[in-house]
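Please look over the sequence and the structure shown here before reading the briefing that follows, which is grouped by topic.

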Amino acid sequence: MKPGTEAVVETEKRIRIDGTNPVVLFGFQDAHLRILEERFEATIVARGESIMIRGESEVVDQIEKVIKELVFIVNKTDALSDRDVQTVIEIMTGGASPEISPEELDNVVLYAKKDYIKARTPGQIGYLKSIKANDIVFAIGPAGTGKTYLAVAAAVASLRKHEVLKIVLARPAVEAGESLGFLPGDFREKIDPYLRPLYDALDDMIPNEKLKSYIERRTIEIVPLAYMRGRTLNNAFIILDEAQNATSMQMKMFLTRMGANSRAIITGDITQIDLPAKTGSGLVEIREVLTGVEGVGFVYFDKTDVVRHRLVKNIIEAYERYHGDQNV
């Protein structure tokens, strides 16, 4: 040993995983354990319902924390991807968000690229519970409340768990004061700006190459609402965003696209309707049509659920005061 250096103290620890599905926890050909080995430079061996870890004492302790978190996730969801493992490593080692508590885990929707996406407000927590309990969920409220983002996260989580085979994201091609016919470019160039928020959400949650592959194979589709007509979507997670701009007939058309083992989330803000005058919003009407129907949930957000820049909440309040004064 060189003068002034300290001996590296190695230790060995056995972690029991009784009752946890080892196939899910370890991954195909122990892929999840290999990820841990590469990240921490330790030796990790699966032995029946236990895991043996050998390495520096501090490293072994870190690996133990990560494995316990992974065990907790598998026991709750019976699913674990390579990306989930990498994200938990980042979180638990301080590379992303602080360590998540068991209480918070109930509100986690998805482990994304380097962080976890969770319900953060009472309204969002209720939203997540409704998504878990119903096949169709309507999320209505102002901008910035996470309606679309959490819906996309829930869809990606279902795809990862193999609960569905594809995701279909749709938006009405209704413009705020502009006509598509007068915009330059071909149809795809014209429609992409209206679908961009959906691409942005997916980009936060799925690695670029994986997302590109999903879109090329049509495992994930992002389409204008009109392109849903005539289709039956089986084993799919379907999201209709900006639904306040869907007419009554379009809303009915969308909801009747659902096939076997499919789920749907419909999001919108009924204070931001861009439909022509005298054209009723299908989202406004549907509250009367489907309220009380089993398997259908309605979640309402307000300004207390805003999770964007703090000024967004202030802006919403200012508009509420302004319109309130106008109605006096």
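**Briefing on selected local features**

Ser-281 is placed in the loop that runs between strand S10 (263-268) and helix H11 (282-290), where helices (H or I, at least four residues) and strands (E, at least two) are DSSP runs numbered from the N terminus. The model is a predicted one, in which local features need pLDDT of at least 70 and side-chain atom pairs count only at pLDDT 80 or more, while totals for chains, interfaces and linings use all residues. Residues are numbered from 1 along each chain as its sequence is written, and side-chain values use heavy atoms, with hydrogens and water left out.

**Loop residues**

- Ser-281 counts as buried because its relative accessibility is 7%, given that buried means under 20% relative accessible area, exposed over 50%, and partly exposed in between (1.4 Å probe, protein chains only).
- Leaving aside neighbours within four places in sequence, Ser-281 is in contact (heavy atoms within 4.5 Å) with Ala-243, Gln-244, Ala-246, Ile-273 and Leu-275.
- His-162, found in the loop between helix H7 (147-160) and strand S7 (166-171), counts as exposed because its relative accessibility is 69%, and its phi is near 65°, a positive value in a residue other than glycine.
- Asn-261, in the loop between helix H10 (248-255) and S10, has a phi near 55°, again a positive value in a residue other than glycine.

**The buried strand S6**

- Five of the five residues of strand S6 (residues 136-140) are buried, so the strand is largely enclosed by the rest of the structure.
- In a regular strand the side chains alternate between the two faces of the sheet; in S6, Ile-136, Phe-138 and Ile-140 point one way and Val-137 and Ala-139 the other way, and all are buried.
- S6 runs parallel to S10, to which five bridges join it, and Ile-140 stands opposite Gly-268 in S10; two strands pair if DSSP finds at least two bridges between them.
- Five bridges also join S6 to strand S11 (residues 296-300), again in parallel, and the bridge partner of Phe-138 in S11 is Phe-298.

- An open sheet of three strands has the order S1-S3-S2, with antiparallel pairing, and its edge strands, each pairing on one side only, are strand S1 (10-16) and strand S2 (43-47).
- Neighbouring strands of this sheet are turned by 15° against each other on average, direction ignored, where axes are lines fitted to C-alpha atoms, for helices over the stretch in contact, and angles run from 0 to 180 degrees between N-to-C directions.
- S2 and strand S3 (residues 50-56) run antiparallel and are joined by five bridges, with Thr-43 standing opposite Arg-54 in S3.
- H2 lies across S2 and S3 and runs at about 160° to S2, whereas H3 packs on the sheet, touching S1, S2 and S3, with its direction making about 150° with that of S3.

**The cavity**

- The structure holds one cavity of 30 Å³ or more, a cavity being a set of points, on a 1 Å grid over the protein atoms alone, where a 1.4 Å probe fits but cannot get out.
- The largest cavity has a volume of about 40 Å³, a volume being the space filled by probe spheres set on the points, with grid points joined across faces, edges and corners.
- Its lining residues, which have an atom within 4 Å of a point, are Leu-25, His-32, Leu-33, Leu-36, Ile-51, Ile-67 and Leu-70.
- Helix H2 (31-40) and helix H3 (57-77) are the elements that give two or more residues to this lining, and H2 gives the most, with three residues.

How values were computed. On a 1 Å grid over the protein atoms alone, a cavity is a set of points where a 1.4 Å probe fits but cannot get out, and a pocket is an open set with protein on both sides within 12 Å along at least five of seven lines; lining residues have an atom within 4 Å of a point.
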